[in-house]
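We will walk through the model one stop at a time, and at each stop you will hear what to pick next.

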Amino acid sequence: MGKRVTVIGTGNVGGNLGARLSRSGVSVKFGARDGDDAVASLLQRCADDASVDTVAAAADWAEVVLLAVPGSIVAQLARELAPQLEGKVVVDCTNSMTWDGGPIWAPPAEGSNAAAIAAAAPGARVVKGFNTFGAEFHADPSLPGSAAAQVFLAGDDAGAKEAVTALAEQAGFRVVDAGPLRNAAVVENLAILWIHLAMAGGHGRDWTFVMQERA
């Protein structure tokens, strides 16, 4: 896989996913704000060619940009980066939610965070994905036996989904095509269900949704 991949966000999701991709042979650059103290230790978990730059410079360098920032700011970030995201594959790894004894889906006016990104950066090729399980699976998608965590991808651009599918599979994930970008709302709701079961329902974080065909 020769694509240049930028991960914007160095928290649990962005850091773990970026490190996983880097160790899988993907050329990764993190986009980080000044004063991000997590960067030095994060790079130690990556391959030697991983690097960090400003958010704008990292987005400009990339062919694929993964947005792994808080869902409440992702549309504004996409708006700020619209020139750098023009023509590029942009993966929305976020969820829009509030909390009241459990997660509550709180979509923007566009209907999902992915749709809001597409509106904010109309030249971007937006794909929804990597948002339906905990950060532990971003670090290691393996499951018992030969299985692996599944990434549900929603998007309107077939070529963009193919590119994200190749990245995900190179990093050891399995991919399920979840349909057009309008289904990003459905994928976000699947994440809300996972968060409820894991955090409010008492099932813990060490599991993920898996499509399994009957033999």
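Two strands pair if DSSP finds at least two bridges between them. Helices (H or I, at least four residues) and strands (E, at least two) are DSSP runs, numbered from the N terminus.

Before the first selection, some ground rules. This is a predicted model, in which local features need pLDDT of at least 70 and side-chain atom pairs count only at pLDDT 80 or more, while totals for chains, interfaces and linings use all residues. Residues are numbered from 1 along each chain as its sequence is written, and side-chain values use heavy atoms, with hydrogens and water left out.

**Stop 1: strand 5**

Select strand 4 (residues 64–67) together with strand 5: they pair in the parallel sense over four bridges. Look for Leu66, which stands opposite Val91 of strand 5.

Which residues cover the two faces of strand 5? Val89 and Val91 lie on one side, Val90 and Asp92 on the other, and all are buried. Buried means under 20% relative accessible area, exposed over 50%, and partly exposed in between (1.4 Å probe, protein chains only).

**Stop 2: helix 9**

Next, select residues 184–200. Helix 9 has 17 residues and reaches 23 Å from its first C-alpha to its last, close to the 24 Å expected at 1.5 Å a residue; the expected span is 1.5 Å times one less than the number of residues. Its buried residues include Val187, Ile192, Trp194 and Ile195. They pack against several elements, among them strand 5, strand 8 and helix 6 (113–120); contact means heavy atoms within 4.5 Å. Move on to Gly202, which follows helix 9 and has a positive phi, near 80°.

**Stop 3: helix 1**

Jump to residues 12–23. The end C-alpha atoms of helix 1 are 16 Å apart, which agrees with the 16 Å its 12 residues should span. Among its buried residues are Gly14, Asn16, Leu17 and Leu21, and their cover includes strand 1 (4–8), strand 2 (27–31) and strand 4. Just after helix 1, Gly25 takes a positive phi of about 100°.

**Stop 4: the cysteines**

Cys46 counts as buried because its relative accessibility is 10%, and Cys93 does so at 7%.
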